[in-house]
Amino acid sequence: QVQLVESGGGLVQAGGSLRLSCAASGSIFSINVMGWYRQAPGKQRELVARITSDGNTNYADSVKGRFTISRDNAKNTVYLQMSSLKPEDTAVYSCNARIYTLYGPNDSWGQGTQVTVSS
């Protein structure tokens with residue numbers, strides 16, 4: 001069994017910064033892609049950024065140049081550094097990871113963390 005636990009959300013003023021963390025734990029053999037998604041009220045969940053095990057990244061156009069995704073493979077942790085935040089970044093942010101255990105792959109999700117950007 002594997003678990004993803006996020007931290008770092010909160011309330012910030014427009015133009016500010018926040019750093020989200022997501023740590024995976026459990027019987028992990030390896031982790032492939034790790035990513036961050038977000039869902040704002042009344043909207044569909046969307047990909048924010050993702051990173052492969054060898055460090056290749058891709059970002060949603062709306063966050064390019066403002067957000068940076070990174071990971072620490074030794075700690076099974078993915079980070080999202082968010083800068084120049086805008087009110088439209090307000091959403092519940094969830095991490096996702098393709099985790100391989102001895103029993104096969106797991107598409108795992110964290111519980112989500114609220115990010116609120118005030119104008």
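Predicted model: local features only at pLDDT ≥ 70, side-chain atom pairs only at ≥ 80, totals over all residues.
1. **The disulfide.** Cys22 and Cys95 make the link, with 1.9 Å between their sulfur atoms; the cut-off for a disulfide is a pair of cysteine sulfur atoms within 2.5 Å. The link of Cys22 and Cys95 is right-handed, with 40 degrees about the S-S bond. Cys22 sits in strand β3 (residues 18-26) and Cys95 in strand β9 (residues 91-101), so the bond ties together parts that are 73 residues apart in sequence. For the labels, helices (H or I, at least four residues) and strands (E, at least two) are DSSP runs, numbered from the N terminus. Cys22 is buried at 1% relative accessibility, and Cys95 is buried with a relative accessible area of 1%. Here buried means under 20% relative accessible area, exposed over 50%, and partly exposed in between (1.4 Å probe, protein chains only).

2. **Neighbours of β3.** Two strands count as paired if DSSP finds at least two bridges between them. Strand β1 (residues 2-7) pairs with β3 in the antiparallel sense, over six bridges, and Ser7 stands opposite Ser21 of β3. Strand β8 (residues 77-82) also runs antiparallel to β3, joined by six bridges. In that pairing, Ala23 is opposite Thr77 of β8.

3. **The salt-bridge network.** Worth a look in the viewer: Arg38, Glu46, Arg66 and Asp89 are linked in a network of salt bridges. The rule asks for a side-chain nitrogen of Lys or Arg within 4 Å of a carboxyl oxygen of Asp or Glu, and a search of the whole structure finds four such bridges. Arg38 meets Glu46 with the closest N and O atoms 2.6 Å apart. Arg38 is buried, with a relative accessible area of 6%, whereas Glu46 is partly exposed at 33% relative accessibility.

4. **Asp89 and its two partners.** Asp89 also bridges to Arg38, the closest N and O atoms being 3.0 Å apart. Asp89 lies in the loop between β8 and β9 and Arg38 in strand β4 (residues 30-39), so this pair ties together parts that are 51 residues apart in sequence. A further salt bridge joins Asp89 to Arg66, at 2.8 Å from N to O. Arg66 lies in the loop between β6 (57-59) and β7 (67-72), so its bridge to Asp89 connects parts that are 23 residues apart in sequence. Asp89 is buried, at 1% relative accessibility, and Arg66 is buried too.

5. **Charges over rings.** Two arginines are worth checking. Arg19 lies over the face of Tyr79, 4.1 Å from the ring centre. The charged end of Arg45 sits over the ring of Trp109, at 3.8 Å from its centre. The cut-offs are NZ of Lys or CZ of Arg within 6 Å of the ring centre and within 35 degrees of the ring normal.

6. **The nonpolar core.** Which residues touch the most other members of the largest nonpolar core? They are Trp36, Val48, Phe67, Val78, Leu80, Met82 and Tyr93, out of 29 residues in that core. The elements giving two or more residues to this core are β1, β3, β4, β5 (46-51), β7, β8, β9 and β11 (113-118). Strand β9 gives the most, with five residues. A core here is a set of buried Ala, Val, Leu, Ile, Met, Phe, Trp, Tyr and Cys residues joined through side-chain atoms within 4.5 Å.

7. Leu102 lies in the loop between β9 and β10 (104-109) and is exposed, at 76% relative accessibility. Asp72 is in strand β7 and is partly exposed, with a relative accessible area of 24%. From Asp72 to Ala91, 19 residues apart along the chain, the C-alpha separation is 25 Å.

Definitions and conventions: Residues numbered from 1 in each chain as written. Heavy atoms only, no water.
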